[in-house]
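Hi,

Here is the structure I said I would pass on.

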Amino acid sequence: MNEEQNAALSALIIDHIRLARSRRETLTWLIGSILKAGTVNLNRLAPHIESAAQTASVHRRLERFFSEVKLNEAEVARLVVNALGLAG
């Protein structure tokens, strides 16, 4: 994903999901890398994330995100509906 797409995705997340800035950044990275890599395997996603950090550090950040963050299902559903243009 390019910088403009990352910014749009981050803005969409801000509008629908309450997360701290670092968590929002990680979720944006995660979604972008899934779209780019076509997989949900963290080992394969980490190299697709543009960061100054080493791939192993990015992989660990993704692991921490999943172990520490509980996303609200209603907020995620609203984000998906909005992103797909299904809101009435």
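Leaving aside residues up to four places away in sequence, Glu50 touches Met1, Trp29 and Lys36, where contact means heavy atoms within 4.5 Å. Before going on, two notes on the basis: this is a predicted model, so to speak, in which local features need pLDDT of at least 70 and side-chain atom pairs count only at pLDDT 80 or more, while totals for chains, interfaces and linings use all residues. Residues are numbered from 1 along each chain as its sequence is written, and side-chain values use heavy atoms, with hydrogens and water left out.

Glu50 sits in the loop between H3 and H4. Helices here are DSSP runs (H or I, at least four residues), numbered from the N terminus. Is Glu50 buried or exposed? It is exposed, with a relative accessible area of 64%; the cut-offs are under 20% for buried, over 50% for exposed and partly exposed in between, with a 1.4 Å probe and protein chains only.

Glu50 also turns up at the largest pocket: Met1, Asn6, Thr28, Trp29 and Glu50 lie nearest its centre, out of 16 lining residues. A pocket is an open set of points on a 1 Å grid over the protein atoms alone, where a 1.4 Å probe fits, with protein on both sides within 12 Å along at least five of seven lines; lining residues have an atom within 4 Å of a point. The volume is about 280 Å³, meaning the space filled by probe spheres set on the points, which are joined across faces, edges and corners.

The lining of this pocket divides into three nonpolar, seven polar and six charged residues. H1 (3-16) and H2 (21-37) each supply at least two lining residues, and the largest share, eight residues, comes from H2.

**Helix H2**

H2 has 17 residues and reaches 24 Å from its first C-alpha to its last, close to the 24 Å expected, which is 1.5 Å times one less than the number of residues. Its buried residues are Arg24, Thr26, Leu27, Thr28, Trp29, Leu30, Gly32 and Ser33. What covers them includes H1, H3 (42-45) and H4 (55-68). Just after H2, Gly38 takes a positive phi of about 70°.

**Past H2**

Asn41 lies in the loop between H2 and H3 and is partly exposed, at 32% relative accessibility. Leu42, in H3, counts as buried at 17%. Which residues does Leu42 touch, not counting those up to four places away in sequence? They are Leu30, His59, Leu62, Glu63 and Phe66.

The rings of Phe65 and Phe66 have their centres 5.8 Å apart and their planes at 85°, so the pair is edge-to-face. Rings of Phe, Tyr and Trp (its six-membered ring) pair if their centres lie within 6.5 Å, with planes under 30 degrees apart counted as stacked, over 60 as edge-to-face and the rest as tilted. Phe65 is buried, with a relative accessible area of 2%.

**And in H1**

His16 is found in H1 and is buried at 17% relative accessibility. Leaving out residues up to four places away in sequence, His16 touches Glu75, Arg78, Leu79 and Asn82.

Cheers

Note on methods: Nonpolar A, V, L, I, M, F, W, Y, C, P; charged D, E, K, R; others polar.
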